[in-house]
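Dear colleague,

Please find below the structure that I am handing over to you, together with its sequence. My notes on the findings follow it.

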Amino acid sequence: MSDTKQSAYCELVINNAITKDIFQLDFVWPGAAPKAGQFFMVKPKQSAVFLARPISVALWKPNTVKFLIARRGTGTRELEAMRLGEEAELIGPLGNAWADFLPKGGGKPIALIGGGIGIAPLEALLCELPDYHFHFYAGFRKTLKMEEKATLLGPALLEAEQVITSAEFGKEGRIGLIPDFLEPEQYAAVCACGPEPMLKAVAAKCKNTAVPCFVSLERRMACGVGACLGCTVQTSGGNRRCCADGPIFRANEVY
């Protein structure tokens, strides 16, 4: 668990619909700067739900934190309905960070593999470590419009040395699952975040080449600080808590 965890009611300054399923929220954040890979527990000040939602940091700028959020249930719909100037409770930053695992910069680049909303915590990494060489892979269910892709990928389009995108369904660009386009032996390490089948496919490819692979897992979280044990992850070293011991794990520990 992060020792910089804080709680504050924070003003919403950006609410932007990106696709029909994904939206962006930016809040003023007066606390400690989050690291790429960490998350916040987020809940509107006026809410009908009991539990906050865990949301990964997509980008950090001084005094402002950006989230990319997939619409999934009552909690996320409440967030989407927030108006500018309204407040939400933010608790964080929580969890570990990509930088805790990565080898030192230089040499081979590092591959960042994001599936759908899983691109969010990887976007922050690009900006946090400008001296590293990154190739960014982004996979989507269907082909996105140019403006949707540009907004979702954010700094990746400018900061990454290469950007590879694919869609499972569509008529333009690369069609297929994003792990199909990954050649792990080109990289010093691979970082992945997204749907479980995608993570398993990426992990399997890396295992065959002995390239270190790190995955950010998604689990249902109630407290975000490891107290409730509701987000248990089975690892080769025993049960771990996704929120407090993760959300980032070595792929060979969980797959």
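**Findings: a sheet and the helix packed on it**

Within strand S12, Ala192 is the bridge partner of Ile113. Please bear in mind that the model is a predicted one.

That pair belongs to the contact between strand S8 (residues 110-115) and strand S12 (residues 189-193), two parallel strands joined by five bridges. Both strands belong to an open sheet of seven strands with mixed pairing, in the order S11-S10-S9-S8-S12-S13-S16. The edges are held by strand S11 (174-175) and strand S16 (248-250); each has a single partner strand, so one side of each is left without a neighbour in the sheet. As a general point, strands of a sheet pair through backbone hydrogen bonds, either parallel or antiparallel.

Helix H5 (residues 196-209) packs on this sheet, where it touches S8, S12 and strand S13 (213-216). The direction of H5 makes about 170° with that of S12. The helix has 14 residues, and the distance from its first C-alpha to its last is 20 Å, close to the 20 Å expected at 1.5 Å a residue.

Which residues of H5 are buried? They are Met198, Leu199, Val202, Ala203 and Cys206. Viewed down the axis of H5, these buried residues fall within an arc of 130°, so they line one face of the helix. After H5 comes Ala210, which has a positive phi, near 65°.

**The chain as a whole**

The chain contains seven helices and 16 strands. For its 255 residues, a compact globule would have a radius of gyration near 18 Å, and the 17 Å of the chain agrees with this. Along the principal axes, the C-alpha atoms fill a box of roughly 50 × 45 × 30 Å. Of the 255 residues, 49% are buried. Among contacts between residues at least 6 apart in sequence, 64% join residues at least 24 apart.

With kind regards

Note on methods. Residues numbered from 1 in each chain as written. Predicted model: local features only at pLDDT ≥ 70, side-chain atom pairs only at ≥ 80, totals over all residues. Heavy atoms only, no water. Pairing = 2+ DSSP bridges. Helix = DSSP H or I, 4+ residues; strand = E, 2+ residues; numbered from the N terminus. Contact = heavy atoms within 4.5 Å. Axes fitted to C-alpha atoms, helices over the stretch in contact; angles between N-to-C directions. Expected span 1.5 Å × (residues − 1). Buried < 20%, exposed > 50% of the residue type's maximum accessible area, 1.4 Å probe, protein only. Arc of directions from axis to C-beta. Rg over C-alpha atoms; globule rule 2.2 N^0.38 Å.
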